[in-house]
Amino acid sequence: MMPADAPDDTELRRLLQGMRVVGVVGVSPNPVRPSYFVARYLGLRGMRVIPVNPGHAGEQLLGATVVAGVRDLPAEVDTLDVFRRSEHVAPIVREALDHLPGLKLVWLQIGVTSDEARTMCAERGVAFVQNRCPKIEYQRLFGELRMGGFNTGVISSKL
């Protein structure tokens, strides 16, 4: 169940269309991990993706150099997409809010929530989405799920 303050579809569309430079915290170089294919997808949609993972700092991933932490992200990052457990989110978001002057959106992946991070973002006027995936929402809101046979009415659970 989504929180009562979750953005509606119109707002989600606006947020997704505004994403230009995305820091993906917790990205994995393993191509079967969700963080990898979400980061790859965002890059394929024309966004500049900067991977953040201290265990792989300095390596190349999806055409970019992996940085160790949020402090290493360039100032032009406008979106932070977080693939970390909920209990680790607040310090990450605090650091991003302090370090990234152009930050417009903090996005927490499916299963990741933080009331503290939501409050910090609200205080700074930064949009906040939690417990959702930008890849899934992009595909849902911009009709890409139809290409796979979903959301067309053709596939049914009726017997």
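I'll start with helix 2, whose buried residues pack against strand 1, strand 2, strand 3 (60-61), strand 5 and helix 5 (134-141). Keep in mind that this is a predicted model. Helix 2 covers residues 34-44, and its buried residues are Ser35, Tyr36, Val38, Ala39, Tyr41 and Leu42. After the helix comes glycine 46, with a positive phi near 95°.

Next, the cores. In soluble globular proteins, nonpolar side chains tend to be buried together. Here the largest nonpolar core has 26 residues. Leu73, Leu80, Val93, Leu103 and Val106 have the most contacts inside this core. Two or more residues each come from strand 1 (21-25), strand 2 (48-52), strand 5, helix 3 (89-99), strand 6 (105-108) and helix 4 (115-124). Which element gives the largest share? That is helix 3, with 6 residues.

Take valine 106 as an example. Leaving aside residues up to four places away in sequence, valine 106 touches Leu80, Val93, Cys121, Val126, Ala127, Phe128 and Val129. There is also a second, separate core of 24 residues, and Leu12, Leu15, Leu16 and Trp107 are among them.

Last, a charged residue. Aspartate 78 sits in the loop between strand 4 (64-65) and strand 5 (79-82). Is aspartate 78 buried or exposed? Aspartate 78 is buried, yet has no salt bridge. The nearest side chain of opposite charge belongs to lysine 104, 5.5 Å away.

Note on methods:
Residues numbered from 1 in each chain as written. Predicted model: local features only at pLDDT ≥ 70, side-chain atom pairs only at ≥ 80, totals over all residues. Heavy atoms only, no water. Helix = DSSP H or I, 4+ residues; strand = E, 2+ residues; numbered from the N terminus. Buried < 20%, exposed > 50% of the residue type's maximum accessible area, 1.4 Å probe, protein only. Lys, Arg positive; Asp, Glu negative; His and termini not counted. Salt bridge = Lys/Arg side-chain N within 4 Å of Asp/Glu carboxyl O. Core = buried A, V, L, I, M, F, W, Y, C linked by side-chain atoms within 4.5 Å. Contact = heavy atoms within 4.5 Å.
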